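Hello,

Here is the structure I promised to pass on to you. Please open it next to this email, and my notes on what was found will follow.

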Amino acid sequence: MSATKRDYYEILGVARGASEEEIRRSYRKLARQYHPDVNKEATAEAQFKEINEAYEVLGDSSKRSSYDRFGHAAVSGAGGGPGNGYSPFGGGPSVADIFESFVAQTGRQARPAPPARGSHLAFRMALGFEEAIFGADKELEIEHLESCDLCGGVGSAPGSQPTTCLVCSGTGEVRRVQQSIFGQFVSLMPCERCHGEGRIISDPCERCKGDGRIRKNKQLLVRVPAGVDEHSQIRLSGEGDIGMHGAPPGDLYLELSIKPHPFFRRQGSDIWMDLPLNMAQAALGAELTVPVVGNSTMPLRIPPGTQHDKVFRLREQGVPHLRGAGRGDGMVRVKLQVPTQLTDQQRDLLTQLAESFGEEVSTTPGSEDKGFFGRIKDALSGT
């Protein structure tokens, strides 16, 4: 008969290397799906028996080991008969029995819940433009919860101790039984008497009022790495609020805010600046000294005929890469400056320059322009 049996792993839909939890989870799902109390298909009863037989073997580490080595012959007595935990209805346990067994296992493992970790905290920290680029050590004052120094974090007045909650017997949880179409469901709820703590403080500490924690200011030294940007976050482990009754503290998260610079601006890992040039510098070329971040300067050659919005690249003068070596570049964009006020000498010189280009210009305020636009006007008028 064993030769005609399906593989137990195939029946439960798990791989041969599946963990105990994977086997248990698959069995629960299939048992609910094919139990005759729920599934009215003609084949449900046979499938349910097969599922239980497979789990009786694979759910037992010793039987599973024998089955893996010798197959069905090693476990030929598994399942199928009375006395194996099956009910008279369909040869298997009821749905209520299945759920009860699951909940019962949970209930047996119930212990007082460990105190919850303290809360995380979040602050914004302002940085100067160059502090974000090159990194900095910043002092920060925060307000957080620390263990009460009077009661040592216990919450009771010195000389007294909390008492065990009589409602939950110190577990912090109470069992609630509910009836459904599948039978009884047992759930664990936080105890309302002790609020899930498992203990009662009858004589609270006068300083922390029984909480075990007090709010204090604390000075921190924060090391900001080079290359951070707007909205970057720094996590300081264990610098949040301390948990209750000796539980570990949460973390502190710092969101960075970068102050703008008067003339530098950042785009990714590059730093941009605008360089004003007059017409003579752009036309004739120039040898200039331009500022770079870090209170330094660099020489920059402007070739003759440089146009408006021309961009020059200064290698490795940008932002250090936050993850990895190297830096971005400095980017210098030319902005031609057209004078709005001229001396008489400057006007004469520009007039001579314009005439050398074959352009007629007005030298008297209010006189008609005979340059490019003036010639268009003459052509349209027929003169």
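**What was found**

Take the contacts in the protein (heavy atoms within 4.5 Å) between residues at least 6 apart in sequence: 61% of them join residues at least 24 apart.

Before you read on, please note that this is a predicted model, in which local features need pLDDT of at least 70 and side-chain atom pairs count only at pLDDT 80 or more, while totals for chains, interfaces and linings use all residues. Residues are numbered from 1 along each chain as its sequence is written, and side-chain values use heavy atoms, with hydrogens and water left out.

**The overall picture**

The protein has nine helices and 15 strands. Both are DSSP runs numbered from the N terminus: helices are H or I with at least four residues, and strands are E with at least two. Of the 383 residues, 34% are buried. Here buried means under 20% relative accessible area, exposed means over 50%, and partly exposed is in between (1.4 Å probe, protein chains only). Accessible areas come from the Shrake-Rupley method with a 1.4 Å probe, and for residues only the protein chains shown count as cover.

**A helix and a hairpin**

Helix 3 (residues 44-58) has 15 residues, and the distance from its first C-alpha to its last is 21 Å, close to the 21 Å expected. That expected span is 1.5 Å times one less than the number of residues. Among the buried residues of helix 3 are Phe48, Ile51, Asn52 and Glu53.

Next, look at strand 12 (residues 286-292) and strand 13 (residues 296-302), which pair in the antiparallel sense over seven bridges. Two strands pair if DSSP finds at least two bridges between them. Pro291 has Thr297 in strand 13 as its bridge partner. Three residues sit between the strands of this hairpin, where Gly294 takes a positive phi near 100 degrees.

**Charged pairs**

Side chains of opposite charge can pair when their charged atoms come close. The structure holds 23 salt bridges, each a side-chain nitrogen of Lys or Arg within 4 Å of a carboxyl oxygen of Asp or Glu. Here are some to find:

- Asp7 and Arg16 meet through their side chains at 2.8 Å, N to O. Asp7 is partly exposed at 22% relative accessible area, and Arg16 is partly exposed at 47%.
- Arg24 and Glu21 form a salt bridge, also 2.8 Å from N to O. Both lie in helix 2 (residues 20-34), three residues apart, about one turn of the helix.
- Asp251 and Arg117 form a salt bridge at 2.8 Å, N to O. This pair links distant parts of the chain, 134 residues apart: Asp251 is in the loop between strand 8 and strand 9, and Arg117 is in the loop between helix 5 and strand 1. Asp251 is buried at 4% relative accessible area, whereas Arg117 is partly exposed at 45%.

**A nonpolar patch**

Which residues form a nonpolar patch on the surface? They are Met279, Leu342, Leu350, Leu353 and Phe357, with about 440 Å² of accessible area together. Patches are made of residues with over 30% relative accessible area and no salt bridge; like charges are joined within 9 Å, and nonpolar side chains (Val, Leu, Ile, Met, Phe, Trp, Tyr) within 5 Å. Phe357 lies in the loop between helix 8 and helix 9 and is exposed, with a relative accessible area of 63%.

Enjoy exploring!
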